[in-house]
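Dear colleague,

Please find the structure below, followed by an account of what was found in it.

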Amino acid sequence: MIPALDGKVALVTGATRGIGQAIAVELAAAGATVFAGGRNEAALAAMIAASGQAGRIHPLPFDVTDAAATKAAFMAVQKQGGRLDILVNNAGILKDAPIEMTGADMVAETWSTNLTATLTCCQLAVRLMARPKDGGPGGSIINMASIIGRMGFPFHAAYGASKAGVIGLTLSLAKEVAARGIRVNAIAPGLVDTDMTAGIPPDKREAMLARIGMGRAGQPADIAPLALFLAGDGARYITGQVIGVDGGLVV
Ligand code: NAD
């Protein structure tokens, strides 16, 4: 059987670890050529070596907040991969603070990483995806939102606003580029065990777990199959959707 993403080229930002790593490996295992974005070259190399997909995952070191480096990275994908079919805007940071302590630097860093960079990557991807190529122009953009962008969370004003922004971006862009065969969807994970959530104090974690219908935190492997589905032809008529993967936290 031909793998679902055979011949497709994907770029996953923030793929050195966590959810991005799981998605990069899932897409590669489905036959895609995957360019794994990340700031740390050594971490990218280690991730690829451990992935079991070393032939299909290629390191693409760049910082998503550096517009020139981001543009160069997309040009490198076009040059080396010959096309771009799938973009997963996964890179993100989370910094929490009471509103009185939410400084301008923290807001700027959070929004530039989570929101502005996502928009910039969408722009660059649309330009490449709209080009003529085998199978016709088009592609799938998958933006990583969060339940916090949908339902809010105390002390997460900057992060929640960035993720609500990602949802607004997804909805508008989906309408704008649908006629060009480009689909734009968002995944809204709940609580997922990664480095990002490792520092949550035990009492707060227990309180969050108590609200999750399935009674457990998610794992990166719980998120990746949705990205694979949205990337593939089975989702060809799906765009502008924000899909929760949260074990029943938001129902
Ligand atoms: P993580 O911290 O393990 O991974 C984030 C990745 O993004 C890392 O590889 C990091 O190096 C990269 N990154 C951060 N800033 C970057 C930059 N400027 N340039 C390039 N790469 C950068 O976190 P994760 O939990 O795997 O998060 C992945 C995505 O999922 C994020 O967008 C996050 O907001 C979102 N999310 C996570 C959870 C959760 O519970 N873990 C819940 C909802 C949404």
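By class, the lining of the largest cavity has four nonpolar residues, four polar residues and no charged ones. Here Ala, Val, Leu, Ile, Met, Phe, Trp, Tyr, Cys and Pro count as nonpolar, Asp, Glu, Lys and Arg as charged, and the others, Gly among them, as polar.

This is a predicted model, in which local features need pLDDT of at least 70 and side-chain atom pairs pLDDT 80 or more, while totals for chains, interfaces and linings use all residues. Residues are numbered from 1 along each chain as its sequence is written, and side-chain values use heavy atoms, without hydrogens and water.

A cavity is a set of points on a 1 Å grid over the protein atoms alone where a 1.4 Å probe fits but cannot get out; lining residues have an atom within 4 Å of a point. Points are joined across faces, edges and corners, and the volume is the space filled by probe spheres set on them. One cavity of 30 Å³ or more was counted, and the largest has a volume of about 30 Å³. Its lining consists of Thr13, Val64, Asn89, Ala91, Thr113, Ala117, Thr118 and Cys121. Helix α4 (residues 104-129) supplies the largest share, four residues. Helices (H or I, at least four residues) and strands (E, at least two) are DSSP runs, numbered from the N terminus.

Seven strands form an open sheet with parallel pairing, in the order β3-β2-β1-β4-β5-β6-β7; two strands pair if DSSP finds at least two bridges between them. Because β3 (57-61) and β7 (242-245) stand at the edges with a single partner strand each, one side of each is left without a neighbour in the sheet.

Yours sincerely

Definitions and conventions. 1 Å grid on protein atoms, 1.4 Å probe; cavity = no way out; pocket = protein on both sides within 12 Å on 5 of 7 lines; lining within 4 Å.
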